[in-house]
Amino acid sequence: MLESSDEDLVLDRLIHEPGRLAIMTVLSSVAAADFVFLQRATRLTKGNLSSHLAKLEEAGLVEIEKKFVGKRPNTNVGLTPAGRERVARHWDQLERLRALSRTVVLPQDPASPRPLGGEVSGTA
Amino acid sequence: MERAHLESAAATYSYLRGLLSIPVGVLFILAGLSNLEWGPLRQVWVFGAAVLAAGVAYLLITRYYTHHYGRVTPSTRAQVKAVIATIVCALVVTGGLQADWSLDLPVNGTAIAFALVMAANYAIPVGLRAHHMVICGALLVAGLLPLWGDVGPDYKINVGLMLMGVATIAAGIFDHGALKRTFGAPKDLNPGNSNAGI
């Protein structure tokens, strides 16, 4: 049964937010990507992406470099070593939770209706 | 949220920038025509000018993609893989050309080698899409048809080059369509100032 005290399975709330997890997952496979590509790949709005990147930068998970390419401003984003490690660990935790959920059988609530077709096998 | 989908976004983007294949395909066709001394292409400078024009077109298309779809810096590992893949592809196609030149086979080794290289080039990093299967399959069948026996190596290689060009352009057009379906149409996003207040 899943132990809630198992700290190894406590999810990182900063990364677990879907928008931030999408950004970090896209960045995990590249050295860097610019703002436009991240917007395309994650389908986040400009404002949302900007706000998520600011939070990730504040936490030291991404590095943001602003420069001019030709005459256009360009924002390049890459994961820091800590960010790379955190997102890999986060996905690992999610995979382990999923695997665990397949093996855990939830206790039967006596008040709940019995399933059609007979008894439910498993232990509490 | 699909982890694999997000992790492969950069690789998918690199491979689906199909408009970049058009100048490359055009050069393959012109190289074949030039070698066969067709029309104005019998003049060497005409092909030289075409190479220059293709280079300019390539740069402009790259700029278009960067502006509308963004810029990705691949990881060192991905860059090493790309270099190795390019070398292997070049060796296989050279092998096909060499086979056409020195062996009197009833098939077109150039087209066959390119069809196999093209299929592997998509299948390994991003997976084959339906249009890749149709285009690579058609090129492979064209190369395997037993009608290349009596045409001579020069004609065989250069028609093979032209078939390579047609396949490259066709794949590029369909790849660009797939890119738009995956990442959205160019006008879906107004890139403008990409700093967006970070």
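Leaving aside neighbours within four places in sequence, which residues is B:Pro74 in contact with? Hi everyone, let's start there. The answer is A:Ala31 and B:Gln79, where contact means heavy atoms within 4.5 Å.

Before I go on, some housekeeping. This is a predicted model, in which local features need pLDDT of at least 70, side-chain atom pairs count only at pLDDT 80 or more, and totals for chains, interfaces and linings use all residues. Residues are numbered from 1 along each chain as its sequence is written, chains are lettered from A and ligands numbered from 1 in the order in which they are written, and side-chain values use heavy atoms, with hydrogens and water left out.

Back to B:Pro74. This proline sits in strand β1 of chain B, residues 72-74; helices (H or I, at least four residues) and strands (E, at least two) are DSSP runs, numbered from the N terminus. B:Pro74 counts as partly exposed because its relative accessibility is 35%; buried is under 20% relative accessible area, exposed over 50%, and partly exposed in between, using a 1.4 Å probe and protein chains only. B:Ala11 is 63 residues away in sequence, yet the two C-alpha atoms are 8.4 Å apart in space.

Now over to chain A. Strand β3, residues 72-79, is mostly covered, with seven of its eight residues buried. On one side, β1(A), residues 30-34, runs antiparallel to β3(A) and is joined to it by two bridges; strands pair if DSSP finds at least two bridges between them. β2(A), residues 62-69, also pairs with β3(A) in the antiparallel sense, over eight bridges. β2(A) and β3(A) form a hairpin with two residues between them, and A:Gly70 in the turn has a positive phi of about 65 degrees.

Back in chain B, the unreviewed UniProt entry annotates several stretches as "transmembrane region", including residues 12-32 and 82-99; such annotations may be inferred rather than shown by experiment. In the model, residues 12-32 of chain B are 81% helix and 0% strand, with end C-alpha atoms 30 Å apart. Residues 82-99 of chain B are 100% helix, and their end C-alpha atoms lie 26 Å apart.

Last stop: B:Val80, in helix α5 of chain B, residues 76-102. Is B:Val80 buried or partly exposed? At 44% relative accessibility, B:Val80 counts as partly exposed. Thanks, everyone!
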